[in-house]
Amino acid sequence: MTEDEIFGLIDRFVYQNAETGFAILILKTKEKLPVTVTGNFVNIHEGQELYVKGAWVYNQKFGKQFQSTSYYSKLPNNIAGLKKYLGSGLIKGIGKSYADKIVNHFKEKTLMIIDSMPHRLSEIPGIGSKRVEQITQSWSDQKYIAEIMIFLQDKGVTTTYATKIYKKYKNNSIPLLTEDPYRLIYDIWGIGFKTADMIAQNLGFELSSVKRVKAGILFNLHEATKQGHLYQELSTLKNSTFHLLDLHADLHAAQMKHALHQLHDEEKIKLITYNNEHFLTTTAFYFSEKSLATKIQAIVEYPSPHTFNMNTLYKKLQEHQHIQLNEQQQLGVLGTFQHKISVITGGPGTGKTTVIKALLTLLEQENMRYKLAAPTGRAAKKMMEGTGRPATTIHRLLEVDPANMQFKHNDQNALEVDFLIIDEASMIDIFLALAIIKATPLPAHIIFIGDIHQLPSVGPGNFLHDLIASKKAPTTTLSQIFRQAQNSMIITNAYKINQGEMPSTDLPDCKKDFYFIKEDNPENVMGHIKTILLEKLPRHHINSSQAIILSPMHKGAVGTQQLNHDLQLLLNPEQKASLTYAGTTFKLHDRVMQIKNNYDKKVFNGDVGVIDTIDPEEKIVSISFDYTNAVYSFDELNELSLAYALTIHKSQGSEYEAVIIPIFMQHFTLLQRNLIYTAITRAKKLCFFIGQPKAVAMAVKNNKTIERLSFLNRFLTEDIACR
């Protein structure tokens, strides 16, 4: 079959997916006729000349199109093309208006001037030395990115990832990738094993090479952390690696053995034998848990420099509290003075905040230095509102040093505190726990407060559970529900769910703050949500901005991705400044969430903010978060997601005036009791379940949580080590 060939100027993009490279574009041919072209393209921009090979096809909906099989592009050399090219936002510092001015001034010599004589750009009114420097650097970056694209194009790597690779490795990009393409998995956020492995094979790596097997082992150890595991049983790890690499266990046993030995000799993995079973982990994971256990033991054993008279404290507790504490609460407060590390746990309505307030009053009377912190901005804000005292996120308390991606406060530069109080401790993974403990001075007291029945941390390990199980930290469990909380159907149903019972919509002597809308068709959910947000919430004096939709999963008709798209159309429908990245349109005033830690911006995974400004010409977005403002360039937008709807996991540590939770059987793989419990306990004033009662019943009955492979409890209670 012969291929056709067309040539023209890229006039505009109808659709462009930055992640996959797929695009639909309009090409203006020599005859000035617009042609719709589809295909996968990398590093092409408006204004460039494009030579495309392929075939003409007919699409019933869109008509005649040219389907690309291969192409090559050239920089523009005419006035119209130059204006489009520079006005596309490709070069930072040049938007549409400056593109017109520059090209009108320098004509066909424009690109030569930018490349060889950039100082002459200052001849354009409004372009100063700072903008010239920005343009020069961006042009230089684009030239090298073009080289990288030539190198990576055959490997199927998209423009977006090529840009990130260049930002990370600079001029070392090609040699570093040639040496070890698997490093991309850990260095470039968003690149997984499949992409890195494809590059490796195109670079000539043998399918059964020991280097590839080593990469597969390390990837699977890291991948296991997504399920909360810090270790993998040896045979399980081998089998999963053979499966990942599509290798036969019997035929490639020798390569597996060599790979494991080499990784051990290189001190990249550690082995623990326990009860005649072998468990593997990375060296970093092992020392994180081991160091955490060692420092916990050191704090527990180190004597407090303060002498507290418990009888005096008890009397003060009785005299100075406006609210009478019950016996459990009193024990919890006094226990923090008696023990170096202590835990206070309890469900909603049991008075955890009251305990913190009582504790802080005593600490202030005793002239103790204290700090309050929580894992997320919303949790810290809730802590501050509940206590009337300053509280911050753990990341901000420990102070991130962007230069080395480490916390400034550590075992060499401890916090200046006598008491450290951490709320929402069930959210803390093993790495954050280690950072907290390392930054805590040996003489200090630490109090961890949380709800043990909530979902475990998103990150690996089971810190709070293991700490309680080890008995190294005496634990006070608050179980008495206060009268005000007893009147809430939300809280009553939360406890019913926790006890394996179905929630009720009609409870005597309870205010009507919980509703169950039965619906079998997920496609109808958005209609119910619209009614709730626009009609029901205003009757309760709740604004839609104070509500959240929580879903068990990302995908599907009632997953967060589809819900966020629909909710944006509902809640932010006006035509406003916007930018589209990888299929998601971000508009002015959208609610967004940061989905990875960014230490440079001091914005962290789970932080929620609102888009303040969008500059479509410079492709810059400014966002206001609870504790800071941050500016994002276009290629950083993959760190954000719309946040009108969140997964239940992402909602941990937050409270909302109203919570809407769709629950269907299509979520069956995720339906667990602690998931539903966590969701309902996010609601302060109103909670709506929408979906199938049998899905709720399945979740309520399912109390089998995956046991996370972690050795923290054993490190704290037994004398075991790696080999």
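This note sets out numbered points on the fold, the aromatic contacts and selected residues of a predicted model.

1. Overall fold. The protein chain contains 26 helices and 28 strands. Its radius of gyration is 29 Å, close to the 27 Å that the globule rule gives for 723 residues, so the chain is as compact as a globular protein of that length. The C-alpha trace spans about 90 × 65 × 55 Å along its principal axes.

2. Burial and surface. Of the 723 residues in the protein chain, 52% count as buried. The chain exposes about 33400 Å², and carbon and sulfur atoms supply 50% of that area. Among contacts with a separation of 6 or more, 67% are accounted for by residues 24 or more positions apart.

3. Helix α12. This helix covers residues 283–301. At 1.5 Å a residue, its 19 residues should span 27 Å, and the end C-alpha atoms are 27 Å apart, which agrees. The buried residues of α12 are Thr 283, Phe 285, Tyr 286, Ser 288, Glu 289, Leu 292, Ala 293, Lys 295, Ile 296 and Ile 299.

4. The structure holds 23 aromatic pairs. One of them joins Tyr 182 and Phe 205 in an edge-to-face arrangement, with 6.0 Å centre to centre and 80° between the planes. Tyr 182 lies in the loop between α6 (173–179) and α7 (184–187), and Phe 205 in the loop between α8 (193–202) and α9 (210–223), so the pair ties together parts that are 23 residues apart in sequence. Tyr 182 counts as buried at 3% relative accessibility. Phe 205 is also buried, with a relative accessible area of 16%.

5. The pair Phe 279 and Phe 711. The ring centres of Phe 279 and Phe 711 are 5.5 Å apart and the planes are at 70°, so this pair is edge-to-face. Phe 279 belongs to strand β8 (residues 277–282), whereas Phe 711 lies in the loop between α25 (693–701) and α26 (712–717); the pair therefore ties together parts that are 432 residues apart in sequence. Both Phe 279 and Phe 711 are buried. Ring pairs also link these two residues into a cluster with Tyr 231, Tyr 274, Tyr 286, Phe 287 and Phe 715.

6. Charges over rings. Two lysines deserve mention here. The charged end of Lys 601 sits over the ring of Tyr 632, 4.8 Å from the ring centre. Lys 619 lies over the face of Phe 634, at 4.7 Å from the centre of that ring.

7. Positive phi values. Most residues other than glycine have a negative phi. Lys 107, which is not a glycine, has a positive phi of about 55°. Lys 107 is placed in the loop between α2 (96–106) and α3 (110–116) and is partly exposed, with a relative accessible area of 42%. For His 541, phi is near 60°, again a positive value in a residue other than glycine. His 541 lies in the loop between α22 (525–539) and β18 (547–551). At 72% relative accessibility, His 541 counts as exposed.

8. Asp 401. This residue lies in strand β12 (residues 400–401) and is partly exposed, with a relative accessible area of 22%; the cut-off for burial is under 20%. Leaving aside neighbours within four places in sequence, Asp 401 is in contact with Gln 406 and Lys 408. The C-alpha atoms of Asp 401 and Asp 600 are separated by 8.2 Å, although the two residues are 199 residues apart along the chain.

9. Gln 262. Helix α11 (residues 253–265) contains Gln 262, which counts as partly exposed at 33% relative accessibility. Not counting residues up to four places away in sequence, Gln 262 touches Val 210 and Lys 214. Between Gln 262 and Phe 689, 427 residues apart along the chain, the C-alpha separation is 53 Å.

Notes
Residues are numbered from 1 along each chain as its sequence is written. This is a predicted model: local features need pLDDT of at least 70, side-chain atom pairs count only at pLDDT 80 or more; totals for chains, interfaces and linings use all residues. Side-chain values use heavy atoms; hydrogens and water are left out. Helices (H or I, at least four residues) and strands (E, at least two) are DSSP runs, numbered from the N terminus. The expected span of a helix is 1.5 Å times one less than its number of residues. Buried means under 20% relative accessible area, exposed over 50%, partly exposed in between (1.4 Å probe, protein chains only). Rings of Phe, Tyr and Trp (its six-membered ring) pair if their centres lie within 6.5 Å; planes under 30 degrees apart count as stacked, over 60 as edge-to-face and the rest as tilted. A charge sits over a ring if NZ of Lys or CZ of Arg is within 6 Å of the ring centre and within 35 degrees of the ring normal. The radius of gyration is taken over C-alpha atoms; the globule rule is 2.2 Å times the number of residues to the power 0.38. Contact means heavy atoms within 4.5 Å. Accessible areas come from the Shrake-Rupley method with a 1.4 Å probe; for residues, only the protein chains shown count as cover.
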